[in-house]
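Here is a short tour of one protein model, meant to be read with the coordinates open beside you.

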Amino acid sequence: MDRHLLLESLRAGRLGFDLVVIGGGITGAGVAREAAGSGLRTLLVEQKDFAWGTSSRSSKMVHGGLRYLASGHLGLTRNAARERERLMKEAPGLVEPLPFLMPHFKGHFPGPRLFQALLTLYDRLAGTNTHRKYSPADTQQWVPGLTDEGLQATSRFTDAVTDDARLVQRLITEARRDGAICLNYVTATSVERDGQGSVCGLKLAPEGPPGTEEILVNTRQVINATGAWADRLQKQSGTDNPLSIRPLRGSHLVIPWQSLPVTCAVSLLHPEDKRPVFAFPWAGTTVLGTTDLEHRGDLNREPAITTAEVDYLLQIARRLFPGSPLTARDVLSTWAGVRPVVTAGEGKAPSKENREHVIRQDRGFISIAGGKLTTFRQMARQALAMALPESRAATLRPDEHPVFRPAPPATKPENITAITWRRLGGYYGPDRQNLLQEGRLEEIAGTGTLWAELEWACRHEQVLHLDDLMLRRSRLGLVLPNGGAGVLSALRTRCQALLGWDDERWLNEQDRYLALYQEAYQLPHQKEAQGA
């Protein structure tokens, strides 16, 4: 059923739900996937696009949280490390192993002996054995150009990397296969309660022209998985003990791989605040990140990197790779995301805040926030177990059931590389073969993305705006110069009709996207120059 018909069915009250999930990021998508897979009639709504917030702007790491282990959070680390292993096994091509190297310099903490001991425990919690210690000479084989000044040794371990927006989209697809209705650009405006104060419904406002009618959906259970917005909806719903959310911004620089060619993640504690900063390969580029700062901007606007953050990240890159000193001119694009950290209000430094998730229940209204991308499945199941009455809780699908359906065996087309074939299996699962049959198999120049993927997104992945397509269904806006402005004409030829947009709509969407890119995905000085 297409979007228009779904909205009409909701407006007419023809659909009933056991559960409504608010928030289309990794947590909400995980809840919808587990709920629908358990046979629950499930509706998910997202006020903007799927993964628009934190879940398309993370550091892309699927990891156990070595930093959290060092802080004594053994349970969080163990759960995350085991979920990491599970995701790599279930979704190869989407969640991929990535070696991490930590150089140890003379006089710097931590030293190689202590760090190796930490890695031994880290591997033990995950049930793996991936850590090694390298000499300075061996390090150069792994990371040519890494500074050897004062280098004593290097520790290696393995975590994983993903495309976070595609991970969310894959969960949405899996939820839909099991009967969930998932709608972007639909805002939850108010929670309805009965005379006893229990949830009995939810009012929704779909994006549309002024005067678009709100929709009342009947449900007894609502899960609020809105991340940085979670406390606002709690307060609006009259919850007595709302979560206290501390929005923390993490920003990243995207560098052409040729300017900083790394094949593994390289980490160093930043001299300013002793936080780990990484340079790692992603989507054919090299990414530098991340910062960890208070975010005081409007949460409904795209967050953006600041000049101070750019300097902070370039400083560590020059320290690691003095032979290839990076400047702002080398930056291809940027992104900034807001972490929804649940705080106790103790005045901690941002990097010292606890990253564990918190769940609150209030008469059918359950809020979940905090946590890590890696542990979305466990968070979802805990929230669902709390939402379901005891009589239904036993129906939650078995914990060992896979999150993702595998791509069925098929012969790889000759004109597709093995790397792309594997990636398509991870990104699209059972839909890989249909995608290849429906679309053009040529790669978009300068990327590993096929035109078929853009065409598939236009047909099947609820693209309502051009930035949905350029920044989340694909990453063309991040990995191509000038936000991919050079491919927009070819994109229009291939995709305008598929989206059902007339010429005026296309031009408006193009202007909207380019303005958004300039505001939130460029360097600050470039924005200032264009506004001058």
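Two residues are in contact when heavy atoms of theirs lie within 4.5 Å. Please keep in mind that this is a predicted model.

Leaving aside residues up to four places away in sequence, Ile223 touches Leu19, Val20, Val21, Ile22, Val31, Ile366, Ile368, Ala383, Leu384 and Ala387. The largest nonpolar core has 53 residues, and the members that touch the most others are Val95, Ile223 and Leu384. There is also a second, separate core, with 45 residues, including Leu66, Leu476, Val479 and Val487. In soluble globular proteins, nonpolar side chains tend to be buried together.

**A covered helix**

Now have a look at helix H12, which spans residues 418-428. Eight of its eleven residues are buried, so the helix is mostly covered by the cut-off of under 20% relative accessible area. The buried residues of H12 are Thr420, Trp421, Arg423, Leu424, Gly425, Gly426, Tyr427 and Tyr428. Just after H12 comes Gly429, with a positive phi of about 55°.

**Strands S8, S9 and S10**

Strand S9 pairs with S8 and with S10. The table sets out both pairings.

| Strands | Sense | Bridges | A facing pair |
|---|---|---|---|
| S8 (residues 186-193) and S9 (residues 199-206) | antiparallel | seven | Ala188 and Leu204 |
| S9 and S10 (residues 215-218) | antiparallel | four | Leu202 and Val217 |

S8 and S9 make a hairpin, with five residues between the two strands. In that turn sits Gly197, whose phi is positive, at about 85°.

**The cysteines**

How many disulfides does the structure hold? The number is zero. Cys182 is in no disulfide, and the nearest cysteine sulfur, in Cys458, is 19 Å away. Cys182 is buried, with a relative accessible area of 2%.

Terms used:
Residues are numbered from 1 along each chain as its sequence is written. This is a predicted model: local features need pLDDT of at least 70, side-chain atom pairs count only at pLDDT 80 or more; totals for chains, interfaces and linings use all residues. Side-chain values use heavy atoms; hydrogens and water are left out. A disulfide is a pair of cysteine sulfur atoms within 2.5 Å. Buried means under 20% relative accessible area, exposed over 50%, partly exposed in between (1.4 Å probe, protein chains only). Two strands pair if DSSP finds at least two bridges between them. A nonpolar core is a set of buried Ala, Val, Leu, Ile, Met, Phe, Trp, Tyr and Cys residues joined through side-chain atoms within 4.5 Å.
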